[in-house]
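Me: Before going through the labels, please put the model on screen. I will ask what stands behind each one.

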Amino acid sequence: MGTTKVNPKQGERELKKKAASYQGLTSQQLVDAYRIMFASRRIDDREILLKRQQKIFFQISGAGHEAVGVGAALALKSHYDWFYPYYRDRALCLGLGATAYEMLLQGVGAADDPSSGGRQMPSHWSFARLNIVTQSSPTGSQILQAVGCAEAGRYFARRPSAAAKADGDYRQFKDVEFHGDEVTYVSLGDGTTSEGEFWEALNAASGRRLPVIFCVQDNEYAISVPVEVQTAGGNISRLVTGFPNFHFEEIDGTDPVVAYAAFRRAAEHCRSGNGPAFVHAHVIRPYSHSLSDDERLYRPETERQRDAARDPVPRMQMFLLREGILDEKGINQIETEVEAEIQSAADRALEAAPPQPESIYNFVYSPDLDPASSAFETPPAFAAPEAAPDGKRPAASAPKTMADLINATLRDEMRRDERVLIFGEDVADCSREEYVKQKLVKGKGGVFKLTAGLQNEFGADRVFNTPLAEAAIVGRATGMATRGLKPVVEIQFFDYIWPAMMQLRDELPLMRWRSNNAFSSPIVLRVAIGGYLTGGAIYHSQCGESIFTHIPGLRVVFPSNALDAAGLLRTAIRCDDPVLFLEHKRLYRETFGRAPYPGPNYMVPFGKAKIVQPGTDVTVITYGAVVPRALQAAQKIEREHRVSVELIDLRCLNPFDWGAIAASVKKTNRVLIAYEDSLSWGYGAEIAARIADQLFHHLDAPVKRVAATDTFVAYQPILENAILPQAADLFRAMKELAEF
Ligand SMILES: Cc1ncc(C[n+]2csc(CCOP(=O)(O)OP(=O)(O)O)c2C)c(N)n1
Ligand SMILES: [Mg+2]
């Protein structure tokens, strides 16, 4: 933006006298603030025009919110602090250094749109060079990520060595920058405070004293729903004041000087390490919710006029004139310059090249590190793991359970990479560390003991319990990984993954694609899954992996034995994509599939199936806890009917090994797909469809599936047996296929 100088007739000395009432802002800063506010409003106006001319495809304005944004931009530091703004934060982004041209590139969906390359709507800000992190559209899903971002800054400040670059894994592509006194800004509307994730975020930030500034921009409406319907009592400030460690501000958000002062105090509180801050800014919304909304349908004229009288743009103009900072000529000059800049920005943006259709597949996954490549294929080196601090060392050749080897892999990777940290429900040994230090207790380390001993070895800042809040676990991990950490977090039971579904469907797997590779969040999410538990019942037995393999951008792994679990988990941790790592509870301590410790570098690449046993008559494709059941059935049918079954364990569900499937079906011409999830719309449906499509001429029998019934899993073991696929069901299907 240009640089109109303050009214030269007004001496600096006189202005200095008034500095106190400007909260320390110089007259030049006030002029610049007005320029940004005016530009923000005029870019909205230009977009509205372009939308009406059908030259852009969406518009949502920051009108009425300009003063908060410019106040925050003046108080915070661009490319130093971190920002999770929402769609009304146009003035904030301009204040931090984004340009009108960049915003209009977003509007037309240009290839060079720096926010997303034409993938995300305009006003969904993302500017990597300014630490403005890619935004989605679900209201409030940025808040937990902002908490994670702040946690990462604090972590690196405590452990600067963790920020070091390293070759050969995701760290090669994840540069870390941090400042010991950085803050993270996150904003949201008044309606969005009704979301559960908002409260989870306040709780986490408060409990951990994190330097997050929560900015609620209260325009009293969420589309047509007024604030008293959203918020009990109609004022969010009254509800949040019980959270400890916070600094609270409730301000007139239409005055940039007031906003600046509030953000200065908030930032000071955060930078000093006292905890988070909450800025509740009362603003207006003069342009309806968006271009698709007409607020005259639900707001009377009197109310709209009352708001208009508080419009921050004309108010700021009047302020500058009244204070003698600018005269009319000065105001006109600014406005002329801004109009000219927007005109030229719009002209250029309308000429900008659109993205190529072929580019749609770019950045679904990391372009730098392919976890299916041979770089992730390392042989096992069977030996005893390095002794834990307690000195216990298992015998080198002793077969270990899947639980043991997952624990050993986590330990090895935490030793190798200081960026790895673990959190979730009950994963720590003991949150009240003094109990362990005083040797009063041994510690828990997970409801299945998979993380046992890790807090004791690596400390409570690397392994810790969280509140019981699944969205927070995933959202915070996503924010941390954006900054370069490698959270390996746990969802205690697959049945309870659903509170995190917004984060898992709309956020985590999209960070890279949505931002056109400007951001990424390669976390590992370990989840205990599955049934066959005898009494696990409806809510401790669920599968549902196909819901996640349906999400582009998310790797899904499902090992059936100890060795694969170790090798695949290591690949998951070192890789550059987010991974859902499904661990079957029934297999944790099974005799089937035990293996000696394969060493600290054993890796299995993703998307490579394992031929559990070769065969010639029938192909069985499966994974997870069905593998041992299918093997049992295969051995029986070989014994009793001389049918030779080729048993394929997929191990990894996305990517999956189509090559191994095709080769086997071409050989046997008969195929059964078996999985533990309920039959219809399950993972096997996709495989069956592909076989039908691409291998039709190789089939001598219909493609068959064996899976659970289309019910949930019941408690009574008789019912559980009837519901889940058993070896006898697999045997029957194999026989039918062989005889077809
Ligand atoms: C989770 C979710 N539910 C619904 C919507 C649709 N929606 C978009 S904006 C909005 C209202 C938001 O109101 P508020 O938080 O007050 O912000 P404002 O737009 O008023 O600034 C709604 C319901 C959405 N984007 N995300
Ligand atoms: Mg609102």
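**Labels and cut-offs**

Me: Why is Glu 249 called buried?
Reply: The relative accessible area of Glu 249 is 9%. Buried means under 20%, exposed over 50% and partly exposed in between (1.4 Å probe, protein chains only), so Glu 249 counts as buried. The model is predicted, so local features need pLDDT of at least 70 and side-chain atom pairs pLDDT 80 or more, while totals for chains, interfaces and linings use all residues. Residues are numbered from 1 along each chain as written, chains are lettered from A and ligands numbered from 1 in written order, and side-chain values use heavy atoms, without hydrogens and water.

Me: What makes the contact of Glu 249 with Arg 265 a salt bridge?
Reply: The term asks for a side-chain nitrogen of Lys or Arg within 4 Å of a carboxyl oxygen of Asp or Glu. Glu 249 and Arg 265 meet at 2.7 Å, N to O. Glu 249 is in strand E6 (residues 247-252) and Arg 265 in helix H10 (residues 256-271), so the bridge ties together parts 16 residues apart in sequence. Helices (H or I, at least four residues) and strands (E, at least two) are DSSP runs numbered from the N terminus. Arg 265, at 40% relative accessibility, is partly exposed.

Me: How many salt bridges are there by this rule?
Reply: The count is 53.

Me: How do you know that Arg 476 and Glu 151 form one of them?
Reply: Their closest N and O atoms are 2.6 Å apart. The bridge links distant parts of the chain, with Arg 476 in helix H17 (residues 470-482) and Glu 151 in helix H6 (residues 143-158), 325 residues apart. Arg 476 has 1% relative accessibility and is therefore buried. Glu 151 is buried too, at 5%.

Me: Why is Lys 329 called exposed?
Reply: Lys 329 has 68% relative accessibility and therefore counts as exposed. Lys 329 belongs to helix H13 (residues 328-351).

Me: How do you know that Ser 288 is buried?
Reply: Ser 288 comes to 8% relative accessibility, which makes the label buried. Ser 288 also has a positive phi, near 60 degrees, in a residue other than glycine. Ser 288 sits in the loop between strand E7 (277-282) and helix H11 (301-308).

Me: Which residue has a phi near 65 degrees?
Reply: Arg 651 has that positive value. Arg 651 is buried, at a relative accessible area of 10%.
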